Amino acid sequence: MGKLRIVVAGALAATVLYSVGPSAAGAAPQLTAAPARPATGSSVAHLPGTPSTDLPLRTLARKHGLGFGTAVDMDVLDSDPEYREHVSREFSAVTAENAMKWESLEPTRGEYNWGPADELVEFARRNGQKVHGHTLIWHNQAPAWLNEGVADGSISSAELRDIVRNHITTVVKHFRGKVRAWDVVNEAFTDGDNPVLRDSIFLQHLGPNYIADALRWAHAADPNAKLFLNDYAIDNINPKSTAYYELAKQLRKQRVPLHGMGFQGHLDLQYPLPIDAPQNLARFDRLGLQTAFTEVDVRYFLPVDTYKEAGQVGSFNTLLQACLLTPRCVMFTVWGFTDKYSWVPGWFEGQGGATPMDENFQPKPAYRGLQQVLAVAADPNSRRGF
Ligand code: XIL
């Protein structure tokens, strides 16, 4: 009896074994599926798509208890009514693309510019959306006065500690009860085979405990906010994601208030698909952490062709399926939803097309793919708690 091995690629990688049944000479062999494993849980036996998959992403995500978000550019929100309309219709979560970064909130020392960030919070409230706070501590987009002061020695290490504590406390208190979760430290590790904590002004002057301190300060300022670490290139199991896993394990053991791990999900078709994202998220889930894809986009070299378009569908779907497979994966956020306003062309020469809608807000295959992944019936036992 022959065995035909079919490997189904994708996030739900599975090996399906078929046995080839006896067949009359000349007739095509008959494929009989190996008996399915008996269902153990209550009601996962039937998972058909819902009759209508053409619903807004937030609606389809809701039945899974999943928040579906986008990054929001506040200038565009003010100037483009079509953009605004899509943000409110499609998404149940919003992240400020820039407005809550340190350089935006405190461009001059001690003088806060709350305007655009407050506007986003108010927009979210009106539209029944939750706000994902991004970000308190990051080596990029820190204000010039801070970088310069540290560099020229006019800000001492002790003073930097006060400044960081103050910034975190002021910002988290300002948004208390209005921001569901914070990316407390963004991009703390280096890349490569031996990731170490990034050599930022924070590591240099506050030491490696700055991460635990930042989490504690944020928790004191809003005990109900979920506190996340967040980074790129950690979607699969690799040395960098393992460094985060070890750090998270240690912080949890020390009872430091860490509640979630954010996976940015900036994918690029020239690199391998993070096919083991489900296994990667699962290990953080087992630590009792929430997980989220926080900045998903899938870029490629222009011009687009049908293979790239199909590759993009698979990439978005891989991450979304990984999230659905992870019991506490609470949110899936795209870093912009229309190619009209994506950060990609400005940052990666020759690349683009990275979002689910084209420049005229028309759904691309990637958007349809996301809808279809979400259209499976929700597991009634799932309690994601977004
Ligand atoms: C990007 C924004 O999209 C740009 O508008 C800005 O000029 C630079 O930052 N990882 C992050 C995000 O955590 O904050 C970055 O956002 C993209 C990479």
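How do the residues of the shell around the ligand divide into nonpolar, polar and charged? Four are nonpolar, six are polar and four are charged. Here Ala, Val, Leu, Ile, Met, Phe, Trp, Tyr, Cys and Pro count as nonpolar, Asp, Glu, Lys and Arg as charged, and the others, Gly among them, as polar.

This is a predicted model, in which local features need pLDDT of at least 70 and side-chain atom pairs pLDDT 80 or more, while totals for chains, interfaces and linings use all residues. Residues are numbered from 1 along each chain as its sequence is written, and side-chain values use heavy atoms, without hydrogens and water.

**Ligand site**

There are 14 residues around the ligand, each with a heavy atom within 4 Å of it. Glu97, Lys101, His134, Glu295 and Trp335 come nearest.

| Side chain | Ligand atom | Distance |
|---|---|---|
| Glu97 | oxygen | 2.5 Å |
| Lys101 | oxygen | 2.8 Å |
| Glu187 | nitrogen | 3.3 Å |

On its own, the ligand has 410 Å² of accessible area, and the protein covers 86% of this. Such areas come from the Shrake-Rupley method with a 1.4 Å probe.

**Lys240**

Lys240 belongs to helix H10, residues 239-253. Helices are DSSP runs (H or I, at least four residues), numbered from the N terminus. Is Lys240 buried or exposed? Lys240 is buried, at 3% relative accessible area; buried means under 20%, with a 1.4 Å probe and protein chains only. A polar atom of the Lys240 side chain lies 3.0 Å from the backbone oxygen of Tyr232.

Definitions and conventions: Polar contact = N/O pair within 3.5 Å; in protein donor to acceptor, adjacent residues only side chain to side chain. Helix = DSSP H or I, 4+ residues; strand = E, 2+ residues; numbered from the N terminus. Buried < 20%, exposed > 50% of the residue type's maximum accessible area, 1.4 Å probe, protein only.
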